[in-house]
Amino acid sequence: MNQQISTRLLQVSTYLSKREKQIGVAIAVFTLAGFLFTWLPYVISASSHKVPKGVHPLEYLLVGVAMVVGALAGALFSRRLIGGALFMLLAFGPWGSSIILGFPALAFGAFVAFKRDARTMAARREESERKREERRQVKATAKNSTKGGKPLPAPSKRYTPPASTRRRSKKNN
């Protein structure tokens, strides 16, 4: 049972294709440029004078770069679900007021994480169709036999079904 679950998870969670990896690298580079665009001016201006309160902008920049590196490694070396989740996390990174720059990473992460392999989906459909057909056959054999396993008797020629009655409408009453 446990082995079936693990093999089923491996079937669903595949690696990214070459094209998806290229798109992931392009989005990671775009996201890195977005972090540099967002935090580098603050880092430069903060070096000339002391930041009064809060975290230094350089820390935000380093966290963003670390998130980009993690998402890039997830896209290049891990499975589809993990890479997509890392890109979705990257979209919610330390963007400050430029949160819109993270949306391409969010869209790519959602696409990658929830996309399924066509061969796996076709195999699942065939399996469910086979099970459905087996159930139909079981129902058909059960319909032709009683609970004891004996076949139902042939219908009697003497039996006359009751005549159907006509329903009266409310107008005629």
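## Basis of the Description

Helices (H or I, at least four residues) and strands (E, at least two) are DSSP runs, numbered from the N terminus. The structure described here is a predicted model, in which local features need pLDDT of at least 70 and side-chain atom pairs count only at pLDDT 80 or more, while totals for chains, interfaces and linings use all residues. Residues are numbered from 1 along each chain as its sequence is written, and side-chain values use heavy atoms, with hydrogens and water left out.

## Overall Architecture

The protein has six helices and zero strands. Read from the N terminus on, its elements therefore run α-α-α-α-α-α under these DSSP assignments.

Of the 173 residues in the protein, 23% are buried. Here, buried means under 20% relative accessible area, exposed means over 50%, and partly exposed lies in between (1.4 Å probe, protein chains only). Contact means heavy atoms within 4.5 Å. Among contacts between residues at least 6 apart in sequence, 64% join residues at least 24 apart.

Two packed helices are described by the angle between their axes and the distance between the axes. The axes are lines fitted to C-alpha atoms, for helices over the stretch in contact, and the angles run from 0 to 180 degrees between N-to-C directions. Angles under 35 degrees count as roughly parallel, over 145 as roughly antiparallel, 65 to 115 as roughly perpendicular and the rest as oblique.

Helix α4 (residues 80–91) packs against helix α5 (residues 103–114) at an angle of about 160 degrees, and their axes are 7 Å apart. This makes α4 roughly antiparallel to α5. Their crossing is left-handed; a crossing has this hand if the near helix is turned anticlockwise from the far one by less than a right angle, and is right-handed if clockwise. Residues of α4 in the contact include Arg80, Leu81, Phe87 and Met88, and they face a set in α5 that includes Ala105, Leu106, Phe108 and Val112. By class, the contact of α4 with α5 has 13 nonpolar, two polar and one charged residues. In this classification Ala, Val, Leu, Ile, Met, Phe, Trp, Tyr, Cys and Pro count as nonpolar, Asp, Glu, Lys and Arg as charged, and the others, Gly among them, as polar.

## Packing of α3 with α4

Helix α3 (residues 57–77) also packs with α4 at an angle of about 160 degrees, with the axes 8 Å apart. The helices α3 and α4 are therefore roughly antiparallel to each other, and α3 passes α4 in a left-handed crossing. The contact is formed by Gly64, Met67, Val68, Gly70, Ala71, Gly74 and Ala75 of α3 together with Gly83, Leu86, Phe87, Leu89 and Leu90 of α4. By class, it holds eight nonpolar, four polar and no charged residues.

## Two Buried Positions

Glycine 83 is placed in helix α4 and, at 1% relative accessibility, counts as buried. Not counting residues up to four places away in sequence, glycine 83 touches Gly74, Ala75 and Ser78. Glycine 83 and valine 112 are 29 residues apart in sequence, and their C-alpha atoms are 7.5 Å apart in space.

Threonine 31 lies in helix α2 (residues 18–48). Threonine 31 is buried, with a relative accessible area of 0%. Its contacts, leaving aside neighbours within four places in sequence, are Val68, Leu90, Trp95 and Ala105.

Side chains of opposite charge can pair when their charged atoms come close. A salt bridge is a side-chain nitrogen of Lys or Arg within 4 Å of a carboxyl oxygen of Asp or Glu. The structure holds seven salt bridges. One of them joins the side chains of arginine 132 and glutamate 129 (2.7 Å, N to O). These two residues are about one helical turn apart, because they stand three residues from each other in helix α6 (residues 118–143). Arginine 132 is partly exposed at 35% relative accessible area, and glutamate 129 is partly exposed at 37%. Glutamate 129 also meets arginine 136 in a salt bridge (3.9 Å, N to O); arginine 136 is partly exposed, with a relative accessible area of 45%.

A further salt bridge links glutamate 134 with arginine 130 (2.5 Å, N to O). Both residues lie in helix α6, four residues apart, or about one turn of the helix. Glutamate 134 is partly exposed at 38%, as is arginine 130 at 39%. Salt bridges that share partners join Glu129, Arg132, Glu133 and Arg136 into one network.
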